[in-house]
Amino acid sequence: MCKDMPSFIAISETKLNDRSTTNISLEGYVLETKNSPTNAGGVGINVKENIDFSKRKDLEFDFEGTETCFL
């Protein structure tokens, strides 16, 4: 594992949905996602395990074709 791991790794176009079985998690990180209702799109943020955070659903907004994830 890299000595100087980044605190956050953001991913766009995850192409995950509620039926996805793909595992895109990374060792040493916690993954938070906002899945797409389609077969495209979606976003994710990997957060280093030692960082205390909470997902902020109150800041999310949904426009057609747009997914957001706030921590």
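This is a predicted model: local features need pLDDT of at least 70, side-chain atom pairs count only at pLDDT 80 or more; totals for chains, interfaces and linings use all residues.
Three strands make up an open sheet, arranged in the order β1-β3-β2 with antiparallel pairing. In general, strands of a sheet pair through backbone hydrogen bonds, and the pairing is either parallel or antiparallel. Here β1 (8–12) and β2 (29–34) are the edge strands, and each of them pairs on one side only. From one strand to the next, the twist averages 15°.

Strand β3 comprises residues 43–48 and pairs with β1 in the antiparallel sense over five bridges. Between β2 and β3, the antiparallel pairing runs over six bridges. Strand β3 is largely enclosed by the rest of the structure, because five of its six residues are buried.

## Partners across the strands

Serine 12 has valine 43 of β3 as its bridge partner, and alanine 10 stands opposite isoleucine 45 in β3. A further partner in β3 is glycine 44, which is bridged to threonine 33.

## Two buried loop residues

Threonine 14 is found in the loop between β1 and β2. This residue counts as buried, because its relative accessibility is 12% and the limit for buried residues is under 20%. When neighbours within four places in sequence are left aside, threonine 14 is in contact with Ile24, Gly41, Gly42, Val43 and Gly44.

Glycine 41 belongs to the loop between β2 and β3. Its relative accessibility is 10%, so glycine 41 also counts as buried. Residues up to four places away in sequence not being counted, glycine 41 touches Glu13, Thr14, Lys15, Leu16, Ser36 and Glu67.

## Salt bridges

Three salt bridges are present in the structure. In one of them, the side chains of glutamate 32 and lysine 55 meet at 4.0 Å, N to O. This pair links distant parts of the chain: glutamate 32 is in strand β2, lysine 55 is in the segment after β3, and the two are 23 residues apart. Lysine 55 has a relative accessible area of 26%, and is therefore partly exposed.

In another, the side chains of glutamate 60 and lysine 34 meet at 3.5 Å, N to O. Because glutamate 60 lies in the segment after β3 and lysine 34 in strand β2, the pair ties together parts that are 26 residues apart in sequence. Glutamate 60 counts as buried, at 18% relative accessibility. Arginine 56 forms a salt bridge with aspartate 58, with the closest N and O atoms 2.6 Å apart. Of these two residues, arginine 56 is partly exposed with a relative accessible area of 32%, whereas aspartate 58 counts as exposed at 56% relative accessibility.

## Aromatic pairs

The structure holds two aromatic pairs. The rings of phenylalanine 61 and phenylalanine 63 have centres 5.3 Å apart and planes at 55°, so this pair is tilted. The pair of phenylalanine 61 and phenylalanine 70 is also tilted, with 6.3 Å from centre to centre and 50° between the planes. Together, these ring pairs link Phe61, Phe63 and Phe70 into a cluster.

Phenylalanine 61 counts as partly exposed because its relative accessibility is 35%. Phenylalanine 63, at 55% relative accessibility, counts as exposed. Phenylalanine 70 is partly exposed, with a relative accessible area of 29%.

Conventions:
Residues are numbered from 1 along each chain as its sequence is written. Side-chain values use heavy atoms; hydrogens and water are left out. Rings of Phe, Tyr and Trp (its six-membered ring) pair if their centres lie within 6.5 Å; planes under 30 degrees apart count as stacked, over 60 as edge-to-face and the rest as tilted. Buried means under 20% relative accessible area, exposed over 50%, partly exposed in between (1.4 Å probe, protein chains only). Two strands pair if DSSP finds at least two bridges between them. Helices (H or I, at least four residues) and strands (E, at least two) are DSSP runs, numbered from the N terminus. Axes are lines fitted to C-alpha atoms, for helices over the stretch in contact, and angles run from 0 to 180 degrees between N-to-C directions. Contact means heavy atoms within 4.5 Å.
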